[in-house]
Amino acid sequence: GAVLTTGNNFDTPASIRRTQQQAEKQRIADLASRFLSNSSNYFFDSSSTVSYLALKLVDYLDVRIATNGLGILSSLSSSENLVVLSSGGYLRSPYDEFTGNLAIQCISNMNADIFFFSCAGFSASQGAMELSDENVAVKHAFFKKSKQHILLCDSTKFDREFFFNSFSIQEIDYVVTDKKPSNSLYIELLGDRLIY
């Protein structure tokens, strides 16, 4: 029979990620919504966690967003209050994300107040990590062109390490998660930057 591959080298397709930890992702979106406001510009990565927050933008006015997430583009396509831009680029179809040099070039011509992003894993020693260097490259492009950087990370990703580093703990302005981490080291390292 079929067996679902698991481990630290398997990137979960977007269709599966959308069905995992839904309650946790909704709580994170509720907590992170304190950073949303009218007349603002945002970057969103392609993660399913961030997509929950993006849906809350329909209640705001004069907001412009850019994303490399196909799911976010689709879910916000009918909103009349938002200006929604795609990064364009190469579509990694199982993951519903645009990557590559075209995406990076497009992002380099934009600016945002806040970049909201997620990760495959998060550890005290390595910070945020990913399974794909293409994903990391796009996140770095968003990071460089935004003033504030907020990681949305459900509690199942804590203490998990993956091949590619994306951002150190020091580079992240806030980490929003669904519950208090069991490892007190995160509380010591992040202090007021940890929201749960």
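Tutor: Terms first. Two strands pair if DSSP finds at least two bridges between them. Strands (E, at least two residues) and helices (H or I, at least four) are DSSP runs, numbered from the N terminus. This is a predicted model: local features need pLDDT of at least 70, side-chain atom pairs count only at pLDDT 80 or more, and totals for chains, interfaces and linings use all residues. Residues are numbered from 1 along each chain as its sequence is written, and side-chain values use heavy atoms, without hydrogens and water.

Student: What is the strand order in the open sheet of 3 strands?

Tutor: The order is β7-β8-β10, with antiparallel pairing. β7 (121-123) and β10 (164-167) are the edge strands, each pairing on one side only.

Student: How many bridges link β7 and β8?

Tutor: β8 (residues 127-130) pairs with β7 over 3 bridges. Met129 in β8 is the bridge partner of Gly121.

Student: New topic. Which helix lies across β8 and β10?

Tutor: Helix α6 (residues 133-144) does, at about 15 degrees to β10. Axes are lines fitted to C-alpha atoms, for helices over the stretch in contact (heavy atoms within 4.5 Å). Angles run from 0 to 180 degrees between N-to-C directions.

Student: Which residues are buried in α6?

Tutor: Asn135, Val136, Val138, Lys139, Ala141, Phe142 and Phe143. Buried means under 20% relative accessible area, with a 1.4 Å probe and protein chains only.

Student: And Ser118, buried or exposed?

Tutor: Ser118 is buried, with a relative accessible area of 1%. Ser118 is found in the loop between β6 (112-117) and β7. Beyond its neighbours within four places in sequence, its contacts include Glu130 and Lys139.

Note on methods. Buried < 20%, exposed > 50% of the residue type's maximum accessible area, 1.4 Å probe, protein only.
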